[in-house]
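Here's a quick tour for anyone opening this one up for the first time. Have a look at the sequence and the model, then read on.

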Amino acid sequence: MEDSHSLTPAERSKRDFLKYLLTGGLLAWLASVIYPIISYLRPPQQTEVVVESVKVGPLSSLAKDSGTIVRFGNRPVILIRTATGDLRAFSAVCTHLECTVQYRKDLSVIWCACHNGKYDLSGRNIDGPPPRPLEPYRVVIQGDDVYVSKMS
Amino acid sequence: MNTLWKKTYAWIDERVDLRQLVDFMGKKYVPVHRGFLWYYFGGVTLFLFIIQVITGILLLLYYKASDQLAFESIQFIMSKVQFGWLIRSIHSWSANLFILSAVIHMFSVMFERGYRAPREITWLTGMFMLFLGLGFGFSGYLLPWNELAYFATKVGTEIPGVIPIIGKPVMEFLRGGPDVTGATLSRFFGFHVAVFPGLFTVFLGIHLLLVQRQGMSIPEHLEHEKLDESKRMPFFPNFLLRDLLLWLIVLNVLAILAVFFPWDLGKKADLFASAPAGIHPEWYFLFMFQTLKYIPSKVFFMDGEVLGVLLFGLAFALWTLIPFWDRRTARGSASRRVTYIALLALMYIIVFTILGWLL
């Protein structure tokens with residue numbers, strides 16, 4: 001680095017101009033390289049098929065005191081037929097860390113195997129780490145067929 | 001034969017001055033003391049890494065990274081490809097022994113204060129490699145696309161998601177979308193076979209170069225004593241031959257494990273099935289998994305998960321940075337506190353791993 005004391009003001013401002021130009025150019029160049037990479041890393045939004053209602057099957061296929069996982073679009077929903085014959089449906093995604101829950105006959109609760117979270121048959125989180133209740137779905141019976149649909 | 005060997009040596013020596021390197025190797029010694037045995041674990045870890053690279057490349061010849069084909073391709077490897085079951089089983093077993101060996105290596109360095117100046121960079125690169133090793137384990141666990149892997153990945157990628165602000169973007173970056181799908185498998189495959197090995201090789205290069213340049217660390221209490229011939233062993237060939245013998249033993253152990261306890265493939269992942277009972281992550285994540293189970297869902301104003309994740313993050317950061325805050329060792333006096341912290345950490349990991357295994 002030569003000493004800048006001997007530079008005339010005109011020379012100095014020329015040097016400053018070049019400094020800003022080159023630094024700015026370098027930064028712009030870096031941004032133009034990094035921006036596409038960052039954007040590429042972010043997965044594109046996929047258009048999801050909007051599902052409003054799903055046909056599960058005939059009521060006779062659902063045993064009392066049991067639960068089944070129903071495919072609702074790309075999300076699992078748990079459909080429970082209680083011991084008394086009531087039908088209830090909830091999102092099967094545990095509110096804790098997103099494992100898929102199941103019906104525990106022996107305890108009559110909805111149970112998540114990953115971290116031992118429990119929900120009662122109204123979907124309320126009653127034990128273990130889950131922070132929120134399960135999102136409820138509507139169950140409709142038309143003729144003999146059972147349908148699960150979103151709560152409007 | 002002998003003259004051919006000599007000629008080849010002379011030819012290379014003329015061009016790259018091998019003499020210097022041979023002289024250097026000849027002057028390298030390994031200190032002999034009470035903790036001598038622990039010096040071997042670095043080498044064993046290296047050997048297991050080499051096994052991983054070789055078996056990994058072999059698996060790559062048949063593995064197909066897609067949610068439609070991954071499970072079937074491993075079934076194919078294990079049932080149709082000759083010795084495919086052996087290669088895959090060794091890869092799985094070696095991965096686990098690699099983590100175990102690396103952790104033993106790390107704790108021995110911790111207890112002997114091997115991280116102290118001037119070996120901070122060796123410690124840091126070692127810790128980075130350990131974290132990468134955990135990354136290897138986590139990403140590799142998903143590749144068979146089985147039930148256990150699917151839920152382990154769901155939970156494992158959801159955990160960074162609980163961190164405020166940066167959590168969600170990080171989670172989506174890892175998953176390649178809002179959920180664990182085939183996109184996640186593609187990404188994990190890329191991390192597992194390209195990104196992590198690349199990074200690991202760089203850190204490993206620095207780590208080994210520094211070990212060669214600086215020599216083996218000597219425990220503090222021996223540091224100022226003159227090591228005579230009985231207290232040191234030439235690295236070349238005495239220690240190296242012992243190393244190789246141990247590697248042979250490790251290879252045999254691996255073969256026995258792989259043959260008599262072949263690695264299970266499990267059931268293919270079903271995105272619309274409940275998480276199976278008894279699900280748990282790999283054993284080296286168990287202590288953290290078990291801790292998360294004990295933290296209540298709300299602690300004061302914070303989610304239990306967030307608190308747990310932040311605490312573990314802090315603990316790992318402090319652990320990694322120990323050469324920079326352990327001032328006592330840096331000054332040359334024995335630091336009992338570090339021994340207690342390391343002992344406590346070790347006990348914690350052991351107890352919680354056992355709890356996680358049993359409960």
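Let's start where the two chains meet: 22 residues of chain B and 20 residues of chain A make up the contact. Keep in mind that this is a predicted model.

**Where chain B touches chain A**
- On the chain B side, helix 7 (147-161), helix 8 (167-175) and helix 12 (283-294) are the elements that each put in two or more residues.
- Helix 7 of chain B has the largest share of that side, with five residues.
- Sorted by class, the chain B side comes out as twelve nonpolar, five polar and five charged residues.

**How the chains split into domains**
- Chain A has domain 1 at 4-41 and domain 2 at 53-149.
- The C-alpha centres of those two domains of chain A are 60 Å apart.

**Helix 6 against helix 7 in chain B**
- Helix 6 (residues 120-142) of chain B and helix 7 of chain B have axes that come within 8 Å and cross at roughly 135°, so the two helices are oblique to each other.
- From helix 6 of chain B, the residues involved are B:Phe138, B:Tyr141 and B:Leu142, and they meet B:Ala149, B:Ala152, B:Thr153 and B:Gly156 of helix 7 of chain B.
- That contact has five nonpolar residues, two polar ones and no charged ones.

**Helix 4 against helix 5 in chain B**
- Helix 4 (residues 70-79) of chain B packs on helix 5 (residues 84-111) of chain B at an angle of about 115°, and their axes are 5 Å apart.
- Helix 4 of chain B brings B:Ile74, B:Ile77 and B:Met78 to the contact, while helix 5 of chain B brings B:Gly84, B:Trp85 and B:Arg88.
- Between them, these residues count as four nonpolar, one polar and one charged.

Methods: Residues numbered from 1 in each chain as written. Chains lettered and ligands numbered in written order. Predicted model: local features only at pLDDT ≥ 70, side-chain atom pairs only at ≥ 80, totals over all residues. Axes fitted to C-alpha atoms, helices over the stretch in contact; angles between N-to-C directions. Helix = DSSP H or I, 4+ residues; strand = E, 2+ residues; numbered from the N terminus. Contact = placed C-beta atoms within 7 Å. Nonpolar A, V, L, I, M, F, W, Y, C, P; charged D, E, K, R; others polar. Parallel < 35°, antiparallel > 145°, perpendicular 65-115°, else oblique. Domains from an automatic or database assignment.
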